[in-house]
Amino acid sequence: MTIQFNDESFRDDYSFHNSERALKRFPFPFHEDSYMYSVNMEQHRGGPADSVYEMRFDVDEHYVSEMKDRAIVLDQDPLRCQSLPHMTLAGWDLLELIMVSKSEDYPDLFELHREGDQWRWINKPLGIDDSFTFLDETTLPYGPMEYITRQAQGDFAVLDQRDDMLWMDAGMVTTQADWSLDFDIGMNFFEWHAPVPKAHEMGIFVRALKFLLNIQQGAPARRLNWTMTVNPLLDTSPENYHKWGIQKTTLTPENIGRKQHLRVELQTFFRLPRSNALVFPIRCYLCAFEDLMTVPKWGRRLHRVIRDLPEELATYKGFIDNRPLMLDYLSQFDDGLPTSPGIWPDLQSEPPLQK
Amino acid sequence: MSGAEKIRVRVSEITLINALVTRFRFERCDGADLPTFSGGAHTVVEMQDGGVTRLNPYSLMSDPYDQRSYTISVRRDDTGRGGSLFMHQQVKVGDEMTISYPVNLFSLDLRARKHLFLAGGIGITPFMAQIQQLERFGTQWELHYACRNKGLGSYADELTSRHPNQTHVYFDDQSQAINLPHLLEGQPLGTHVYVCGPKGMINWVRDTAQGLGWPQDNIHYEEFLAPQPGKPFEVKLAVSNKTIQVGEHESLLEAMEREGVDAPYLCRGGACGQCETAVIGYDGKFIHRDHWLEPQEHESGKKIMPCVSRFEGKTLVLDR
């Protein structure tokens, strides 16, 4: 299985695109025709071949371009990557986890050679071949967390665990759905989730925290989350809201299929062994509406989910104003037929659009 | 499946430390590396003792970065339920056993400017790993270790010779005692205190530190309770639709496992909260022994921690 890396952009001319293969493996987040919050956790131990669940850290055709975009964001705003002093050991944990996982899961792309503390890391897609001393920061060009997350898709929140609580004490956050590491740094689990509507009344966060505190070494977990983004922007941060927020007003019936993207986060959770911290990788996948609509099941279901979504959630996810426009577009792909359960496209078994 | 992930290991070394304590070294059966861990972590050791499966937690005391082997120290408890006697009397070098992945419920607070360790007896073991972790990074620490007498001071000589300036040992039979208020008052700001030992010692340290105005978050303790025997009782498990008997010498959690009911757990010692179970109905009284539930939860009659707590009375129905 070789990956052909796209040369594409997530800004300016937005040349981002999904190949046929990327579309087939897109993590469509709705397992039924409606949506409400749930803790919806499952073990992260592989999944169907070539699905985003298969490997511990999924590498896909967007890898090289996403890493270029991250470098641009960091160049303009270094505070997107922060690590409080006590989190350095967790940074080494994360570096070890990613290097070991990627070199085992993608041996044709990544190599890790270890002789005691002397490590050599080869990242072929990015043209990196570095030797360094494990646990010695002076032998790397960046701190360990920054070094490895400049080479790994998705955002990373590194959470310290103390006093039965999780603390946002380090992270690399450049592809986020409108939240800020610089604002949240040092906050606890309940503080940084305070803006989420409804979930508190439902007791979601108390249950989620309990679950996360008990994630153990060797038993990672995962869930999907989603939102909407106009244009394939990775960096939808509060810091740059003045640049991307206004783009939400550029949708028209003619361009919506191309411009409107479903944004899905594959969230995984790993206990870090040396520090006992928890890492929370948040991997962003984008897919244009017009590409999603080529899968009949997803067309039917997305229309129903967006139509029936409670108003607070559509507001929180930032698309309440565009919902009528979305529904006009999506309703063309909903013929009222039932859909099969589960998130998979089921292209062989689901009937084509009947209208 | 309940509990942490499992690892098959072989006992590669058994060392008598003193009249009560024996050290066991484990290596992986498949020859691969063991996971690294953080100082303060424990492993749950599975013992096949005749027809009984015993699962006992022990602190990992080896260097957390040594991936070739783990070591634990087991103190013989002649009046206990038999886990420590099994380890002392039945386990031989070369035996294969199953242990769990490391789980840490007694983690270092890495923000600390200094770590102050207070150990009583076999409570020294988690600190052995934590000290090795801190030594690697040159972090400040200090150990005060109380033992019954010189003969039972496990690892006291080793620690004193390796870290003469940081190690302070106190022998009861020589009437030596930690001057705790004095010790706590002399600590620099940002010190965290950790205590592991008998219940009385833990309470003494917590109360003294709090009395001196130490922030709650700077006081850490670990105490694994062993389940205590008690009168047999009957439990109805509503979800599994089973009625089971809990014997005198087994815990409620063990009885559920014996009957094939998959009940979650991690520490099996009343500390981690994993096995918390809702009570649907009861007629009798609970013997709560955990330190996970709040006192008002104990009184509510709505929850029980089956790893260490028991019941006496007519009927008990659990949501399991």
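The lining of the second largest cavity divides into 10 nonpolar, 2 polar and 3 charged residues, where Ala, Val, Leu, Ile, Met, Phe, Trp, Tyr, Cys and Pro count as nonpolar, Asp, Glu, Lys and Arg as charged, and the others, Gly among them, as polar. The model is predicted, so that local features need pLDDT of at least 70 and side-chain atom pairs count only at pLDDT 80 or more, while totals for chains, interfaces and linings use all residues. Residues are numbered from 1 along each chain as its sequence is written, chains are lettered from A and ligands numbered from 1 in the order in which they are written, and side-chain values use heavy atoms, with hydrogens and water left out.

A cavity is a set of points on a 1 Å grid over the protein atoms alone where a 1.4 Å probe fits but cannot get out, and lining residues have an atom within 4 Å of a point. Grid points are joined across faces, edges and corners, and a volume is the space filled by probe spheres set on the points. The count comes to 5 cavities of 30 Å³ or more.

| Cavity | Volume | Residues nearest the centre |
|---|---|---|
| Largest | about 130 Å³ | Arg56(A), Phe57(A), Asp58(A), Gln153(A), Arg283(A) |

The lining of the largest cavity comprises 17 residues, divided into 9 nonpolar, 4 polar and 4 charged. Strand 10 of chain A gives the largest share, 3 residues.

Key:
On a 1 Å grid over the protein atoms alone, a cavity is a set of points where a 1.4 Å probe fits but cannot get out, and a pocket is an open set with protein on both sides within 12 Å along at least five of seven lines; lining residues have an atom within 4 Å of a point. Helices (H or I, at least four residues) and strands (E, at least two) are DSSP runs, numbered from the N terminus.
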